[in-house]
Amino acid sequence: HTKGVNAVAFSPDGKSIVSGSSDETVRVWGAASGQQLRELQGDNGRVKAVAFSPDGKSIVSGSFDETVRVWDATSGQQLRELEGHTSVVNAVNAVAFSPDGKSIVSGSDDNTVLVWDAASGQQLRRRRGHAGWVTAVAFSPDGKSIVWGSGSLFERQDNTVRVWDAASGQQVRELEGHSRSVNAVAFSPDGKSIVSGSDDETVRVWDAASGQQLRELQGHSRSVNAVAFSPDGKSIVSGSWDKTVRVWDAASGQQLRELEGHSRSVNAVAFSPDGKSIVSQDQNGKVLAWSASSFEPVDSPENHAAASIGRPSLENRATKIVVSDDCTGFTSDSSIDPGATALYSDGSKTIVAFDDVTLDEQGFASG
């Protein structure tokens with residue numbers, strides 16, 4: 001990449017990494033080798049969001065040119081260009097595939113959430129309801145609901161989490177409680193709870209069916225950028241601008257541990273798929289891994305899968321993961337899907353490989 005990397009995501013099998021950049025390209029890399037496999041060209045603006053389909057055969061990207069594009073992950077060929085978002089700021093901030101891979105959801109600075117048919121590119125539903133930009137989107141595990149979070153732009157105050165029926169396109173719940181921009185949202189593995197993180201320094205857990213706030217998790221002293229459930233749904237991990245990673249009991253809301261070691265804002269957190277490790281990444285690109293049971297530093301296998309991450313930049317600060325946002329311009333949010341394996345991005349021009357034990361830089365792939 002010749003400009004900042006704004007978004008990255010791993011393929012479902014962990015063998016490939018996709019990255020989106022301000023150089024207007026999407027690139028696919030070998031996760032183990034760090035070698036560039038493909039360059040996907042077609043976007044006419046900074047690429048802010050990328051995601052793999054559940055079967056790993058397709059890639060979706062969102063860009064500053066107001067478009068959502070679908071690519072063949074193997075050939076790099078653009079399959080479809082989805083047009084429908086319109087914004088003065090011109091940014092599609094977040095994209096995600098449904099669990100069955102048949103639908104794509106996107107969120108934009110135009111305050112809308114759009115749902116598309118992944119095969120045809122036809123726009124299926126449009127939802128406008130937020131007063132501020134849409135910062136994060138996620139499907140429920142069963143694909144029946146979509147949750148999204150909103151930020152505030154100047155006089156437009158929103159700060160809500162909203163739940164949408166994916167089939168009808170009707171809003172079914174509005175979750176109010178955050179006093180500042182919502183930066184991250186995620187469903188629990190069983191789909192019964194939603195967790196959100198906000199600039200108001202709190203993590204909140206909601207009942208997905210009723211919309212009732214179940215718990216407010218307090219402890220962070222600055223904005224919460226990232227949240228994730230453990231694969232068994234019993235724990236929540238959060239990352240913050242206060243440079244800490246915190247682990248919470250999902251049922252009681254009790255803070256189990258504060259994990260320190262980062263020197264800059266923590267922008268990404270994840271549990272390993274087996275739930276045994278916690279991985280985090282900060283604004284400087286530093287990766288740390290802990291045992292999810294003892295909270296001691298570990299040599300995590302996830303560091304192998306996370307061999308490619310972005311080098312930091314002051315101009316393009318660290319960004320959202322999977323449902324991505326590049327912290328330039330108007331947003332400053334980061335999130336990760338529950339159970340995902342160590343996904344990292346920030347505003348740099350390179351993908352850097354680190355030793356999985358020492359986390360020392362071993363090499364990098366540059367595009």
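A salt bridge is a side-chain nitrogen of Lys or Arg within 4 Å of a carboxyl oxygen of Asp or Glu. Arg246 and Asp242 meet this rule, with their closest N and O atoms 3.5 Å apart. Both Arg246 and Asp242 are buried. The model in which this pair is found is a predicted one.

The overall make-up of the protein comes next. The secondary structure consists of one helix and 30 strands. The protein has 367 residues, and 62% of them count as buried. Its accessible surface is about 13,200 Å², with 44% of that belonging to carbon and sulfur atoms. Contacts can also be sorted by how far apart the two residues are in sequence. Among those between residues at least 6 apart, 47% join residues at least 24 apart.

The charged side chains can now be taken up again. Side chains of opposite charge can pair when their charged atoms come close. In this protein the count is nine salt bridges. One of them, besides the pair already described, joins Arg69 to Asp65, with 3.0 Å between the closest N and O atoms. Arg69 and Asp65 are both buried.

Another salt bridge is formed by Arg162 and Glu174, and here the closest N and O atoms are 3.7 Å apart. Arg162 belongs to strand β15 and Glu174 to strand β16 (residues 171-175), so this pair ties together parts that are 12 residues apart in sequence. Glu174, at 32% relative accessibility, counts as partly exposed. Salt bridges that share partners also make one network out of Asp23, Arg27 and Glu39.

Leu37 lies 10 residues from Arg27 in sequence, and the two are 7.5 Å apart in space, C-alpha to C-alpha. Leu37 is part of strand β4, which covers residues 36-41. Its relative accessibility is 42%, so Leu37 counts as partly exposed. Leaving aside residues up to four places away in sequence, Leu37 touches Ser16, Val28, Trp29 and Gly30.

Aromatic rings take part in other arrangements. The charged end of Arg46 sits over the ring of Phe64, at 4.1 Å from the ring centre. Between aromatic rings themselves, the count is one pair. Trp148 and Trp164 are both buried. Strand β15 is also where Arg162, described above, is found.

A last stop is Asn225, a residue of strand β21, which runs over residues 224-229. Is Asn225 buried or exposed? The relative accessibility of Asn225 is 0%, so this residue counts as buried. The side chain of Asn225 is joined to that of Trp241 by a polar contact of 3.0 Å.

Technical notes:
Residues are numbered from 1 along each chain as its sequence is written. This is a predicted model: local features need pLDDT of at least 70, side-chain atom pairs count only at pLDDT 80 or more; totals for chains, interfaces and linings use all residues. Side-chain values use heavy atoms; hydrogens and water are left out. Helices (H or I, at least four residues) and strands (E, at least two) are DSSP runs, numbered from the N terminus. Buried means under 20% relative accessible area, exposed over 50%, partly exposed in between (1.4 Å probe, protein chains only). A polar contact is a pair of N or O atoms within 3.5 Å; within protein, one must be able to donate a hydrogen and the other to accept it, and residues adjacent in sequence count only if both atoms are side-chain atoms. Contact means heavy atoms within 4.5 Å. Accessible areas come from the Shrake-Rupley method with a 1.4 Å probe; for residues, only the protein chains shown count as cover. Rings of Phe, Tyr and Trp (its six-membered ring) pair if their centres lie within 6.5 Å; planes under 30 degrees apart count as stacked, over 60 as edge-to-face and the rest as tilted. A charge sits over a ring if NZ of Lys or CZ of Arg is within 6 Å of the ring centre and within 35 degrees of the ring normal.
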